[in-house]
Amino acid sequence: MISPKYKKTLAITLMMLPGALWLLVLRYIPMAGIVIAFQDYRPHPPNPTLINNILNSQFVGLENFRFIFATDRAWNMIRNTLAYNGVFIVLTTVLSIALAIGLNEIGKKFFAKFYQTLMFFPFFISWVVASYFVFAFLDPTFGVLSGVRNWYLDPTGWPIILTIAHLWKTLGFNCIIYFAAITGIDQGMYEAAAIDGASKWRQVWSITIPSIKPMIIMLFIMAVGRIFNADFGLFWNIPMNMGPLQGVTEVFDTYVFRVMQSPIAGSMGMATAAGLFQNVIGFICIMSANTLVRKFDRDNAMF
Amino acid sequence: MKRNKKLRINRVSPFSEVLIHLIVGGFAIACIVPFLFIVIISFSSAESLRTVGYSFLPTEWTLTSFRAAFDLGDTLWRSFFNSMVVTVVGTFFSLLMTILYAYGLFRKDYPLRHFFAFFVFFTMVFGGGLVPTVVVIRNLLGLGDTLGALIVPALMIPFHVIIMRTFFKTSIPDSLIESASLDGSGEFRTLFTIVIPLAKPGIATVGLLTAINYWNDWYLALLFVRDRNLFPLQFLLMEMQQNIEFLRRNLTMIGVAGGVSLADLPGEGLRMALAVIIVLPIAFAYPFFQRYIISGLTVGAIKE
């Protein structure tokens, strides 16, 4: 006879099983697949299953990594990834907080709600559709800005276009998250401050910002931890995969994808190596960001 | 009354408020303008495009682009069907798995919860990367070029597990679980008759996020699907944009089948019309469910 407690544990474990199995197959087994990064991975013609391919591919040590980092293209995409993400993090944080504070000062609740609804729209739009929005402005034949230059052949201006596209897509969402946090602040504090003669600016700096600091820090850590991960959709769809733009639009994720798709023998190993490098550095980044926060502000660390 | 007066005292000056309206409202409008623009373009005639290009004020309005889009016939309907199947089936199974998994993490008396929490959250900070994941899905699971490849890889999203668990924690008192257990209710019965009815708002939130995720997906199609019959709508749109040849080929076919001459067909207008058709369901629905999503996201963002 099994005890009721054991039976309960068994039942819950049974519930965990589908999710756990999914994680095992789609997240943990690929981690073992990292071994491809150290191989000259090739399909094994007689029976090209994953196991056979790995067992029959030659180990080449760090050759794949050496090959990647010997190219200017790799350094260029790393630079692009860091520069874009750096600019994105700073602008998104500052602007979305500013918008949220502004939204909170709007007296007529109808307008505040209406603006919120409009701002949330880009969150629901895929990058594929967004690329059509951009195309409507930049199309060489009919586009609004077609007279300026042939945008899809000339890399000039693309860093700004991509930054605007990113802000368009993410600002509203972030603003709403911050706005929700701001509306949760105790109104009594503001009233007390106003009675003491504190100006609006003073209230923002002394009440609003400190109150939402935990959220700012948390979103900041998550963003910094992902500084090596670029938004594939943005960098792939908005420039429409145009070759002449690659110098300024190539980032880590598009690079890994392109290398993987390339027909050159051994490209799978190289793409895996690049991905592994990205994940290890990303892991180090998120852990360091978290440690740093914990050092200064124990309560706001993520783990 | 007194409180109201105080609040009015603590308002920004009328001038500042106008400025805030200009900035916040201006940004809000900028969020929606590109969509309105492509709606206008999709209703512009080919003649109008030739003379004034894409414009907010076309010289002539027409339904030709939409007619052309619906004349795509099977290509359009098959993609629509694929997107629907992927969204409905994917959302159902994803929701089920997420609820089951989050329930175990939520139960304080479940001894393995720390292990399973680590098991899912670790995948948020480290992974095998693109190539090993693609290889596992394609070679090990054999999902290349099937609708399964558009569903299975997106079934579990750790962030959704967090949102769901937080919803369980905030909406279901421990005492309720305990008393159900004392009454001899099994775990499955407790989950389906007590927990799920109480956590409906959370389930709605995660369900909507998941459905949008599936409806908007093109990435999995880019990775795994080569067969045109399996293209979801988003990927069809993407392919059209990047593959004009495909468009020309289909336009020729429509020209023959629909009795419309090629010159009448606005190729760009057609693509814009397709983009509008894809966005419409979301554009109409989201103002109604955004409330759920906002509450879900803010709950999910609360640190434990």
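The C-alpha centres of domain 1 and domain 2 of chain A lie 32 Å apart, with domain bounds taken from an automatic or database domain assignment. This is a predicted model, in which local features need pLDDT of at least 70 and side-chain atom pairs count only at pLDDT 80 or more, while totals for chains, interfaces and linings use all residues. Residues are numbered from 1 along each chain as its sequence is written, and chains are lettered from A and ligands numbered from 1 in the order in which they are written.

**Domains of chain A**

- Domain 1 covers 4-61 and domain 2 covers 65-300 in the assignment for chain A.
- Seven residues of domain 1 of chain A are in contact with seven residues of domain 2 of chain A, a contact being two C-beta atoms, placed from the backbone, within 7 Å.
- On the domain 1 side of chain A that touches domain 2, four residues are nonpolar, one is polar and two are charged. Ala, Val, Leu, Ile, Met, Phe, Trp, Tyr, Cys and Pro count as nonpolar, Asp, Glu, Lys and Arg as charged, and the others, Gly among them, as polar.

**Interface of chains A and B**

- Chain A places 79 residues in contact with 80 residues of chain B.
- Helix 1 (residues 4-32) of chain A gives the most to the chain A side, with 18 residues; helices (H or I, at least four residues) and strands (E, at least two) are DSSP runs, numbered from the N terminus.
- That side of chain A divides into 53 nonpolar, 20 polar and six charged residues.

- Helix 1 of chain A packs against helix 6 (residues 113-125) of chain B at an angle of about 40°, with the axes 11 Å apart. Axes are lines fitted to C-alpha atoms, for helices over the stretch in contact, and angles run from 0 to 180 degrees between N-to-C directions.
- A:M16, A:A20, A:L23 and A:R27 of helix 1 of chain A meet B:F116, B:F119, B:V120 and B:T123 of helix 6 of chain B.
- By class, this contact has six nonpolar, one polar and one charged residues.

**Confidence in chain A**

- The mean pLDDT of chain A is 89, and 97% of the residues score at least 70; pLDDT is the predictor's confidence in each residue, from 0 to 100.
- Among the elements of chain A, helix 2 (residues 50-56) has the lowest mean pLDDT (83) and helix 4 (residues 72-104) the highest (95).

**Fold of chain B**

- Chain B has 16 helices and zero strands.
- Among contacts in chain B between residues at least 6 apart in sequence, 72% join residues at least 24 apart.
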